[in-house]
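Reader: I would like to go through some of the labels attached to this structure and ask what stands behind each of them. Could you set every value against its definition?

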Amino acid sequence: MFSQIFTLDEFANQYGANTPRRQFLFSQARTVISLLHATGQLKRVFGYGSFVSEKPNPNDIDFFVVMEAGFTTAHLKGKMAEVFQNETCRIRYGVDLFWVTEAIGEAYSEDMLDVFSRDRQQNSQPIVEIKI
Amino acid sequence: MIIDDEQLHQAQIDIQKMWRFLEAARRTHSAFDYERLASPYLLQIQQRQQEILEYLSMKSEELVVA
């Protein structure tokens, strides 16, 4: 599965700067990524959907996140726990976050990236990886 | 919205990939973590199944108009 790789700053410049809506969403996404990173077990972050497009006012940001094998949310509390609960994360940060650990195996993660590489009308859409 | 058979077949393939993903996730994650991670994938499956049902409910005349 091909995906372009950005640093967080490159991702901000490319997708999070052009409109106030994009600036707001990116600031929210940065918070989410910080919380994910603070677990110490974040492996990979992929962005896709309308935010990774030329749409000036995307509704939200779609992330597919892979955590290290052995990661568990069982002991997380507060905001760090909230980002792993999709509905809470979407409402609080505008980030639609799908996650899994690498224990599932790379082939299954690749399958999900393939699913996410098409929109609901089955048109191809880009996926970018944010280098952590 | 699905508008032709090609999109129908792709939607079926995507649903099958999500099923398999969740089967594997359930085997490889604790019950607590599985419950947290599965919900958005389940919602995606539900939404896509609904689109398939809506497409398959349309008569051929309606498909031409669509």
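**Charged pairs and helix packing**

Author: The side chains of Asp14(B) and Arg118(A) meet in a salt bridge, at 2.5 Å from N to O. This is a predicted model, in which local features need pLDDT of at least 70 and side-chain atom pairs count only at pLDDT 80 or more, while totals for chains, interfaces and linings use all residues. Residues are numbered from 1 along each chain as its sequence is written, chains are lettered from A and ligands numbered from 1 in the order in which they are written, and side-chain values use heavy atoms, with hydrogens and water left out.

Reader: What makes the pair of Asp14(B) and Arg118(A) a salt bridge?

Author: A salt bridge is a side-chain nitrogen of Lys or Arg within 4 Å of a carboxyl oxygen of Asp or Glu, and the N to O distance here is 2.5 Å. The pair crosses between chains, from helix H1 (residues 5–28) of chain B to the loop between helix H5 (106–116) and strand E5 (127–131) of chain A; helices (H or I, at least four residues) and strands (E, at least two) are DSSP runs, numbered from the N terminus.

Reader: Why is Asp96(A) called buried, and why is Arg90(A) called partly exposed?

Author: Buried means under 20% relative accessible area, exposed over 50%, and partly exposed in between (1.4 Å probe, protein chains only). Asp96(A) has 13% and is therefore buried, whereas Arg90(A) has 31% and is therefore partly exposed. The side chains of Arg90(A) and Asp96(A) meet in a salt bridge at 3.9 Å, N to O.

Reader: Why are H2(A) and H4(A) called oblique to each other?

Author: Helix H2 (residues 20–38) and helix H4 (residues 86–93) of chain A pack at an angle of about 140°, with their axes 10 Å apart. Angles under 35 degrees count as roughly parallel, over 145 as roughly antiparallel, 65 to 115 as roughly perpendicular and the rest as oblique, and H2(A) and H4(A) are therefore oblique.

Technical notes
Axes fitted to C-alpha atoms, helices over the stretch in contact; angles between N-to-C directions.
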